[in-house]
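Here are my notes on this model, point by point. Have the viewer open while you go through them.

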Amino acid sequence: MKYAAKKIGLMLLTMVIVSFLAFLAFQVIPGDPAVKLLGTEATPERIAALRAEMGLDRPFLERYVQWVLGALRGDFGTSYSYKMPVSSMLAGKLPVTGLLTGMSFVLILAFSIPLGIFTARHAGGRLDRAMTAVNQALMAIPAFVTGILLTYVFGLVLRWFVPGNYVSPGDNFGGSLWYFLFPAVSIALPRVAMTVKMLRSSILSELQKDYVRTSHSRGNSDRSTLYRHVLRNAMGPVVSFLAMTVADIVAGSVVIEQVFSLPGLGRMLLTSIANRDYPVVQAVVVIVAFWVVLVNLLADLINQRLDPRLRLT
């Protein structure tokens, strides 16, 4: 309980720091949103009036505290560009990025863990060497390149889906899952390769330890020792690595959403940065940060269950 409370406290502190830095960053970078919105009609009087309307004339800390209090209620302010609540804009984008991230993560788990165990059990063999070569190639290819190749092969050549023809889950859930499969594969492939390599190394490291020899001396088979003892200990570093992978998935989705024309947080973030729509950008940054620290918190709690030594901290 003490360990969990400490981690939750650290998570809350992290969110405070991230929210402050996100809010501060857009106050110090060059450019005035009021000038951007007014364009050629910008005059000192109109700029001053618009800044007052947007609340930009108030002190920084006052605006930050007001923004945080609103965010805690789900109110992230009003978009400068679209003149609508940011929360309403997020409501339409979050399911897209959430579904893409979830599918990518499921694919990573479904393939990397069995393949990591397989390559560790056959370390040094032909299949292991072949898979190591494939892993190196997959890790070297950026996700957006994989996305373009998948679009060309399965979209333009085989016509398994129509590139750019996004299918909403609300309109056709099955068709939406099929469309999301290809960007999810683009994101998952390099992460599967990295996770397989991590799990293989972790298992091989555990196999060299004394408790493995002790298990064998008691008559346990290699398979029994692997699944009952080694895998449990080897998964600790992998769980932490998978938690970091979530942040990588979210970052990768920004580009992949562009490739596959998905109306998710990534596309909205890029558009809002270009338009200096700071309320939208701040909201996306904080939501993504919360997503990442929450997953890391869950990974720490899982590791505590896997490793009894953490329960003493």
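**Notes on the model**

1. Start with R200: leaving aside neighbours within four places in sequence, R200 is in contact (heavy atoms within 4.5 Å) with G116, T119, A120, A123, G124 and D128. R200 sits in helix α8; helices here are DSSP runs of H or I, at least four residues, strands are E runs of at least two, and both are numbered from the N terminus. R200 and S112 are 88 residues apart in sequence, yet 9.8 Å apart in space, C-alpha to C-alpha. With 21% relative accessibility, R200 counts as partly exposed (buried is under 20% relative accessible area, exposed over 50%, partly exposed in between, with a 1.4 Å probe and protein chains only).

2. On provenance: this is a predicted model, where local features need pLDDT of at least 70, side-chain atom pairs count only at pLDDT 80 or more, and totals for chains, interfaces and linings use all residues. Residues are numbered from 1 along each chain as its sequence is written, and side-chain values use heavy atoms, with hydrogens and water left out.

3. Q282 belongs to helix α12, residues 278-306. Is Q282 buried or exposed? Q282 is buried, at 4% relative accessibility. Not counting residues up to four places away in sequence, Q282 touches A22, F23, F26, Q27 and W67.

4. Two backbone angles to look at. Most residues other than glycine have a negative phi. R159, not a glycine, has a positive phi of about 60 degrees; R159 lies in the loop between α7 (143-157) and α8 (173-207) and is exposed, with a relative accessible area of 68%. S261, also not a glycine, has a positive phi of about 55 degrees. S261 is in the loop between α10 (222-259) and α11 (265-274) and is partly exposed at 27%.

5. Now the pockets (on a 1 Å grid over the protein atoms alone, open sets of points where a 1.4 Å probe fits, with protein on both sides within 12 Å along at least five of seven lines; lining residues have an atom within 4 Å of a point). The largest pocket holds about 680 Å³ of space, a volume being the space filled by probe spheres set on the points, which are joined across faces, edges and corners. Of its 28 lining residues, M54, G55, L56, Y80 and P279 are the closest to the centre. Helix α4 gives the largest share of that lining, 4 residues.

6. The second largest pocket has about 330 Å³ of space. The elements giving two or more residues to its lining are α1, α4 and α12.
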